[in-house]
Amino acid sequence: MAVLRDINTVDALVDRVFSYNPESDANLLRRAYAFSNEAHYKQKRKGGEPYIEHPLAVAAILCYMRMDTNSLAAGLLHDTIEDTDTTVEDIKELFGDDIAFLVESLTKLSRIEFKTSEEAQAENFRKMLLAMAEDMRVILIKFADRLHNMRTLEYLSPEKREKIARETLEIYAPLANRLGIGWLKSEFEDLSFKFIMPEMYEQLVHKVAKKKEEQEGYLDELIKIVEAHIKAASIPAKVFGRVKHYYGIFQKMQKQKIPFEQVYDVIALRIITDTPSNCYGILGLIHSLWTPVPGRFKDFIGAPKSNLYQSLHTTIIGPRGERVEFQIRTDEMNRIAEEGIAAHWKYKEGDYSEKVDEKYFTWLRELVKAQKETPDAKEFLEEIKGDISSGVVYVFTPEGDIVELPQDATPVDFAYSIHTMVGHQCIGAKVNSRIVPLRYQLQNGDTVEIVTSQGHVPSRDWLKFVQTQRAKSRIKQWLKIEERKKGLILGEELLEKALRRYNLSPSLAKSKEILEIAKSYRIQTYEDLCVAIGYGRISVHRIVRKLLPEPEKIEKEKVSVKKEVQRPEESKGIKIEGIDNIMFHRSKCCYPLPGERVTGFVTRGRGISIHTADCPTLETQTIDADRLVEVEWAGGDAATYSVKMQVLTEDKRGLLAELSAVLSINNVNINQLDASTTHEKQALFNFILDIKDKHHLDEITKKLSQINGVIEVKRVKA
């Protein structure tokens, strides 16, 4: 879509602005143009044209979006701070605080330097969201800047063209769509498509032009029929044809795995009327004339999209059996569909108003909150991409309210969309009155009811299937808080035990001396210090040893290390430093069992990993003795534990059945089994078994060894 490419002078820009805002400050625009022209006068674009043509084109695009005068002035000035000697103070002095803020915000999005392009893309996106939340005009000016750069992309190298085009397709187009700016989303997609897949793009341009030519007479005939019936019904309306944009056609071909010739809605009809009731009246009229295609009717008036898009969509079997798509909407709906969030601004000089529908800002607030909870910019970008680019499903609450969710969303996503506590306490779901698994993928029209239980908490496994950023961020936030609590308890216990080991008073744990030592590690509070110790980020003994007088330090370090590496005596069950409910996990390199001598290793961020005393991992690697802790097995634990076992046998029929029978009789569950044969006509079975304790393991090993044909039974450690 060409957007105001005829504005090539500041006079033309001023004239066009006055056409929609007679109160515009023409002098401000002329001064901004003159300043930008002077600042960039030595610079040229990659295509060889004077640089001023770029900011003027950006302002023209903003003019098409009917933006306020300050936004247009910022568009004219947007590169001055970044590319010239101009400062923010210069802009503020000459053009005021508001324009200076906009220009500075745009500059901040461009001045960040990163080690990798992926990191730059991710962090720029994060900055963009924060700027949007502060003032939506920033993103609209950024859109205009990106659009003109895309229109002139052919002057860059092929590598840069593809990189910029992919970023536009993956981020800018979905974001424009999420903000409801339909024409911008379509042009972003088509321009990106043109540079990413140039051959396919050219083929579609040719095929669409040919189809349009072939169907021109047919559409004219169809329009006359529709107009006659609408007129007879005394409904005011305009009917016209529209061509689906190229990337939309390509997406349909890819999704449905069909050739271009089978895409039936390349050319569609759009009907604009005055009221929603007349939209439904026209829909009924069309359905009375031709047969509607089942499953192809969508009512976005009764259930608007989250970007406020409203329209009726239907596909019918028209004259000569041709499928034709209709879009029916009011003038206001059409304006919202094309302009999106930009359609909500009021432009009066000196009275910039932010009366935008609450849905936009609810979504933005969610994103801003999510980016605070996800420190890694690349991870945040990947999660957000799904939120802004995926398809949608519309489901209902039991009360009949509509909830919009991304494609493949689950009942857990639905629960969190209602309220955070509903999500946290979700234990089950009913869809259309039938119980479904929590990972069930919701379908359009489903009625969803969430079953909750007070005191229930989220599961880490939910992160494997939830789709919405809201659900992901709430689950991660809860897990982070819980892990911090456990890390705090563990850190406090480790700190107090280390103090006792060095014959120091436990009261020193919260002393000024400890805090001063903590500050040398950039840790400000006692709680943060304990969490760092519990997470294994800092050695508790390095902290405590700094409290010792220098003569005692060397001798006590020797004693401490000696005590640290001593292995606890054999006992039953898991007990860590006498603490309950602490973050720990059995190491998968050795799968320790009750009854075996074990030791604990404080990991970085995952609590304590439990190893057998003779674990090869601990023996072959250089281990920081300060991170080894005493652990023991506590009694009364009836749980079973996974253990790796390897059984070497003769390769004969029925032997696996005998092995399985012995395991079953002895109450051993087989978690995993891999079987293979060797060159010596032997069979090798690798089991992961659920075992109660070391005594149980010894008993199973003995009984498996007694089976006729078994050559060797052994436990496997890394």
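**Note on the aromatic rings**

1. Phe193, Tyr201, Tyr246, Tyr247 and Phe250 are linked into a cluster by ring pairs, where rings of Phe, Tyr and Trp (its six-membered ring) pair if their centres lie within 6.5 Å, and where planes under 30 degrees apart count as stacked, over 60 as edge-to-face and the rest as tilted.

2. The model is a predicted one, in which local features need pLDDT of at least 70 and side-chain atom pairs count only at pLDDT 80 or more, while totals for chains, interfaces and linings use all residues. Residues are numbered from 1 along each chain as its sequence is written, and side-chain values use heavy atoms, with hydrogens and water left out.

3. By the pairing rule, the count comes to 14 aromatic pairs. The pair of Phe143 and Tyr172 is edge-to-face, because the ring centres are 6.3 Å apart and the planes stand at 65°. Phe143 lies in helix α9 (residues 137-151) and Tyr172 in helix α10 (residues 158-178), so this pair ties together parts that are 29 residues apart in sequence; helices here are DSSP runs (H or I, at least four residues), numbered from the N terminus.

4. Phe143 is buried, with a relative accessible area of 0%, and Tyr172 also counts as buried, at 5%, where buried means under 20% relative accessible area (1.4 Å probe, protein chains only).

5. Phe143 also forms an edge-to-face pair with Phe188, at 5.9 Å centre to centre and 65° between the planes. Phe188 lies in helix α11 (residues 182-196), so its pair with Phe143 of helix α9 ties together parts that are 45 residues apart in sequence. Phe188 counts as buried, at 0% relative accessibility.

Definitions and conventions: Helix = DSSP H or I, 4+ residues; strand = E, 2+ residues; numbered from the N terminus. Buried < 20%, exposed > 50% of the residue type's maximum accessible area, 1.4 Å probe, protein only.
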